[in-house]
Amino acid sequence: MAGSRGRGVDDVLSLLRDRRPRTRAELVVETGLSRSTVGARLDVLQRVGLVVAAGEARSSGGRPPARVEFNPAAGLVLAIDLGATHGTVALTDLSAAVLASRTLDLDIADGPEPVLETVLGAGADLLASVGRGPSDVVGVGIGVPGPVEHATGRPITPPIMPGWDRFDIPAHVRRHLDAPVLVDNDVNLLALAEHAGPWSGVDDLLVVKVSTGIGAGIIAGGTLQRGGSGSAGDLGHLRVPWLPDSPRPSEDVRDLEEVASGPAIAAVLRASGLDVSTSSDVVALVRAGDVRARDAVRQAGREVGAVLAGVVNLLNPSVIVLGGSIARAGEHLVAGVREVVYGRSIPLATHELRVVPSSSGEVAGVLGATSMVTQQLFSADPAQLLARRLG
């Protein structure tokens with residue numbers, strides 16, 4: 001934390017969010033702030049419930065000094081991860097611990113109002129189940145399976161979301177909950193979840209989701225990169241370089257999503273005589289040990305790797321994390337990606353590169369949504385925000 005000294009009084013809360021109790025004297029030393037500034041800041045944070053007493057430290061003589069700690073129960077985040085055919089709704093505390101969750105079958109093509117009403121209804125049920133109310137929600141994070149203008153929370157011409165184009169998601173949600181509402185695409189939330197969790201110590205991270213579509217979330221310098229208009233990471237619309245051992249003819253040049261997504265793999269398997277139509281069907285066949293499905297997924301990994309080789313040369317990530325339903329079918333996709341990335345990228349870029357499957361599981365989207373909300377909450381003045389929410 002030495003590099004953050006002098007940034008401001010929010011250093012007090014930043015330190016305490018690591019969940020380690022401290023005395024006021026320790027906070028003075030670690031923040032570089034004056035004792036009076038630390039005391040004033042703690043008084044505000046304690047009044048709104050963000051900081052609570054944590055017992056006494058060992059005394060070196062005289063009265064033992066009191067310790068304080070961050071209170072993640074001071075507010076709740078409603079986190080919503082929308083996919084093409086399902087939605088996961090969760091309530092988390094301010095440290096991203098999931099208090100309650102529910103996964104629903106839904107069709108994103110039904111349009112924004114029916115889908116949002118469904119998941120917000122589920123959110124209300126979850127609040128009731130943990131004995132909390134709408135006023136406890138300090139932020140709402142939503143992930144959608146399409147491009148999003150992050151500044152406004154509006155999807156922009158999303159290909160698999162008919163009726164959602166430029167729909168004002170935050171305004172609709174605020175009819176139900178008086179809280180800040182943030183929206184991003186599902187792959188960016190997956191990247192935030194990985195960076196906040198298993199790869200928190202990695203500043204340069206590429207997270208790739210292979211499912212009904214294909215996209216990437218880019219963490220560079222420890223920060224999620226959305227690009228100038230929010231479209232950074234649109235991996236699925238990059239052309240796939242032809243590989244010498246590809247089953248496609250050399251003149252068959254297509255976008256990555258057309259050759260390596262779940263529906264694309266399903267089309268290949270249908271052509272071989274299998275009864276398969278969706279990403280879920282592909283995953284089921286792989287898990288059942290079908291050799292043709294396994295080989296098709298590995299070939300899809302090679303196609304993804306052909307695109308990622310150029311990305312690795314350009315961005316030089318330390319880690320590539322592969323997520324999404326196809327990646328969860330086993331090591332076959334990851335193996336295909338490794339095979340091509342390590343063979344086609346420059347040696348300096350791959351010397352310490354790790355290509356690994358996601359370990360965040362099916363709750364990654366809601367964990368990323370929570371991370372998105374808390375990052376904004378704690379980058380502003382959380383005491384003022386929570387004072388408004390919690391009275």
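Leaving aside its neighbours within four places in sequence, which residues is Leu27 in contact with? Taking contact to mean heavy atoms within 4.5 Å, Leu27 touches Val12, Leu15, Leu16, Arg22, Gly32, Val38, Leu42 and Val68. The model is a predicted one, in which local features need pLDDT of at least 70 and side-chain atom pairs count only at pLDDT 80 or more, while totals for chains, interfaces and linings use all residues. Residues are numbered from 1 along each chain as its sequence is written, and side-chain values use heavy atoms, with hydrogens and water left out.

Leu27 is found in helix H2, residues 24–31, where helices (H or I, at least four residues) and strands (E, at least two) are DSSP runs numbered from the N terminus. Because its relative accessibility is 0%, Leu27 counts as buried; buried means under 20% relative accessible area, exposed over 50%, and partly exposed in between, with a 1.4 Å probe and protein chains only.

Ser279, in helix H9 (residues 279–287), also counts as buried, because its relative accessibility is 8%. With neighbours within four places in sequence left aside, Ser279 is in contact with Ser211, Thr212, Gly262, Pro263, Ser325 and Ile326.

A pocket is found on a 1 Å grid over the protein atoms alone, as an open set of points where a 1.4 Å probe fits, with protein on both sides within 12 Å along at least five of seven lines, and its lining residues have an atom within 4 Å of a point. The largest pocket has a volume of about 1,300 Å³, and of the 49 residues that line the largest pocket, the closest to its centre are Asp186, Lys209, Ser211, Thr212 and Gly213. H9 supplies the largest share of this lining, four residues.

The second largest pocket has a volume of about 720 Å³, and among its 28 lining residues, Leu192, His195, Ala196, Ser371 and Gln375 are the closest to its centre. To the lining of the second largest pocket H13 gives the most, with six residues.

Most residues other than glycine have a negative phi. Arg166, however, has a positive phi of about 60° although it is not a glycine, and Arg166 lies in the loop between strand E9 (154–155) and helix H5 (169–174). Asn316, in the loop between helix H10 (291–315) and strand E14 (319–323), has a positive phi near 55°, and Asn316 counts as partly exposed because its relative accessibility is 42%.

Terms used: Grid points are joined across faces, edges and corners, and a volume is the space filled by probe spheres set on the points.
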